[in-house]
Amino acid sequence: MDIDLIKLKLEKILGKERLEHSINTSKVARKLAIKYDYDADKAEIAGLLHDCAKDLDCKTLEKMILEYKIELDEIIQKIPKLLHPLVGAVMAKKEFNIQDPVILKAIKAHSTGAAQMSLLDKIIYLSDKIEPLRNMNGVEEVRKMAEIDLDRAVLMVLNKGLLYLISKSLLIHPISIEARNNILSRVVFI
Ligand SMILES: [Fe+2]
Ligand SMILES: [Fe+2]
């Protein structure tokens, strides 16, 4: 599906703010892709679609999980926020006809990270958190770091996310710990 068609379809399933966030994410993803020598169109598509399932109501989410036989691990079952990346990856495939597994994985990995993050995983993970509408503490430093060192910028966001979850005594998905360990070893040792 081409980019304009994706946008038209997204307009029908996302709220106004989510659509703006998705378009912003796709623009940042495109810029980062060019900077880090990755396919800019793929990055734009993944950015546009990363939250395609986020405005679905609980019932529809549950229905899709059953219909598409999406496997949920024990932790994800306890963190409803982590369902939309999994359903989103399947929706991107089934409803937006995105067949590229690299794009689908980046959508799937945009909340938790992934044990082994591809360049596109990192671009989407980061673009989602630093697009212009985002205003988390320290976002400006992450934006600056994203211009210099992608791994360090991803590490900064993973660290912030984990610290936040700990401060609120919330569950942490083990994939995020693995993601952080792997990125950390790249940042420190390479
Ligand atoms: Fe999301
Ligand atoms: Fe998002």
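Modeller: A donor is an N, O or S atom within 2.8 Å of the metal (3.2 Å for Na, K and Ca); water is not among the atoms, so sites may look incomplete. This is a predicted model, in which local features need pLDDT of at least 70 and side-chain atom pairs count only at pLDDT 80 or more, while totals for chains, interfaces and linings use all residues. Side-chain values use heavy atoms, with hydrogens and water left out; residues are numbered from 1 along each chain as its sequence is written, and chains are lettered from A and ligands numbered from 1 in the order in which they are written.

Colleague: Which residues are the protein donors of the iron ion (ligand 1)?

Modeller: Asp 51 (OD), His 84 (NE2) and His 110 (NE2) lie 2.1 Å from the iron ion (ligand 1), within the 2.8 Å limit, and therefore count as donors. Their spacing in sequence is D-x32-H-x25-H.

Colleague: What does Asp 51 bridge?

Modeller: Asp 51 bridges the iron ion (ligand 1) and the iron ion (ligand 2), which are 3.6 Å apart. Asp 51 sits in the loop between α3 (40-49) and α4 (58-67), and His 84 in helix α5, so this pair ties together parts 33 residues apart in sequence. Here helices are DSSP runs of H or I with at least four residues, numbered from the N terminus.

Colleague: Why does Asp 51 count as buried?

Modeller: Buried means under 20% relative accessible area, with a 1.4 Å probe and protein chains only. Asp 51 has 2% relative accessibility, so Asp 51 counts as buried. His 84 has 7%, and therefore counts as buried too.

Colleague: What makes a space a pocket?

Modeller: On a 1 Å grid over the protein atoms alone, a pocket is an open set of points where a 1.4 Å probe fits, with protein on both sides within 12 Å along at least five of seven lines; lining residues have an atom within 4 Å of a point. The largest pocket has a volume of about 990 Å³, and its lining holds 33 residues, with Lys 81, Ser 111, Lys 129, Gly 161 and Tyr 164 nearest its centre.

Colleague: Which element gives the most to the lining of the largest pocket?

Modeller: That is α9, with seven residues.

Colleague: How much space lies in the second largest pocket, and which residues are closest to its centre?

Modeller: The second largest pocket holds about 420 Å³. It is lined by 23 residues, of which Ile 76, Leu 86, Lys 108, Ala 109 and Ile 175 are the closest to its centre. Two or more lining residues come from each of α5 (83-95) and α6 (101-108), and α5 gives the most, with five.

Conventions: Grid points are joined across faces, edges and corners, and a volume is the space filled by probe spheres set on the points. Buried means under 20% relative accessible area, exposed over 50%, partly exposed in between (1.4 Å probe, protein chains only).
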